[in-house]
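Hi,

Here is the structure I said I would pass on.

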Amino acid sequence: MKKTIWSVFLAIALAAGVLAQESPTTAKAARVRIIQGPEIELAKENLTIIRWTTNNPGGSPVHYGVVHYGTDPKDLSQTAKNPIRLNPDRPSVLFRVRMDDLKPRTTYYYTVDSMEATGEGDGVKSTVKQFTTP
């Protein structure tokens, strides 16, 4: 009986957002820009982590760092993304995205951008960069 009451309480609390620690939506930045990077944080034969920093884009609390990549600089059709939670008290955001299943000793080209959880872009995109896996 106790387990059933607890399950009902938990379901109601979660539905009402009582137990969730959802950050509030903050004012969107007038312009989002990359202030550092993008750069390679880690490169291995089959994975690479790209990182970059932007001013805080604001908006919804959940954002995604997105890397568009491929072996042809004119065809960046592969995508990797990683969710983050914005801290409204910080002026900048560090994005880190891991790309898996890469081929060894292969040159890849990439651009980075970011977006809200809704899929709406932050209006920032890097120039095309490149790296070669070991």
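A quick definition before anything else: buried means under 20% relative accessible area, exposed means over 50%, and partly exposed is whatever falls in between, with a 1.4 Å probe and protein chains only.

Some housekeeping. This is a predicted model, so local features need pLDDT of at least 70 and side-chain atom pairs count only at pLDDT 80 or more, while totals for chains, interfaces and linings use all residues. Residues are numbered from 1 along each chain as its sequence is written, and side-chain values use heavy atoms, with hydrogens and water left out.

The overall layout

The protein chain has one helix and eight strands, and from the N terminus the order is α-β-β-β-β-β-β-β-β. Those elements are DSSP runs numbered from the N terminus: helices are H or I with at least four residues, strands are E with at least two. Of the 134 residues, 36% are buried. The accessible surface comes to about 8,400 Å², with 51% of that belonging to carbon and sulfur atoms; areas are from the Shrake-Rupley method with a 1.4 Å probe, and for residues only the protein chains shown count as cover. Taking contact as heavy atoms within 4.5 Å, 63% of the contacts between residues at least 6 apart in sequence join residues at least 24 apart.

The sheet

Three strands make an open antiparallel sheet in the order β1-β2-β5, where two strands pair if DSSP finds at least two bridges between them. β1 (34–43) and β5 (92–99) are the edge strands, each with a single partner, so one side of each has no neighbour in the sheet. From one strand to the next the twist averages 15 degrees, using axes that are lines fitted to C-alpha atoms (for helices over the stretch in contact) and angles from 0 to 180 degrees between N-to-C directions. Strand β2 (residues 48–55) is joined to β5 by eight bridges, and arginine 51 has arginine 96 in β5 as its bridge partner.

Charges across the sheet

What holds a charged residue's partner here? I used this rule for a salt bridge: a side-chain nitrogen of Lys or Arg within 4 Å of a carboxyl oxygen of Asp or Glu. The structure holds six of them. Glu39, Glu41, Arg51 and Arg96 are linked in a network. Within it, arginine 51 pairs with glutamate 41, the closest N and O atoms being 3.3 Å apart, and arginine 96 meets glutamate 41 at 2.2 Å, N to O. Arginine 96 is in β5 and glutamate 41 in β1, so this pair ties together parts that are 55 residues apart in sequence. Both arginines are partly exposed, arginine 51 at 30% and arginine 96 at 37%.

Elsewhere, glutamate 116 and lysine 28 form a salt bridge at 2.8 Å, N to O. Glutamate 116 sits in strand β6 and lysine 28 in the loop between α1 (2–16) and β1, 88 residues apart. Glutamate 116 is buried at 6% relative accessibility, whereas lysine 28 is partly exposed at 45%.

The core

A nonpolar core here is a set of buried Ala, Val, Leu, Ile, Met, Phe, Trp, Tyr and Cys residues joined through side-chain atoms within 4.5 Å. The largest one has 16 residues, and those with the most contacts inside it include Ile50, Trp52, Met99 and Phe131. β2, β3 (62–70), β4 (78–85), β5 and β6 (107–116) each supply at least two of its residues, with the largest share, four, coming from β5. Beyond residues up to four places away in sequence, methionine 99 touches Asn46, Leu47, Thr48, Ile50, Val67, Tyr69, Ala80 and Phe131.

The peptide bond from glycine 37 to proline 38 is cis, with omega near 5 degrees, and proline 38 lies in β1. Aspartate 101 has a positive phi of about 60 degrees without being a glycine; this residue is in the loop between β5 and β6 and is exposed at 74%.
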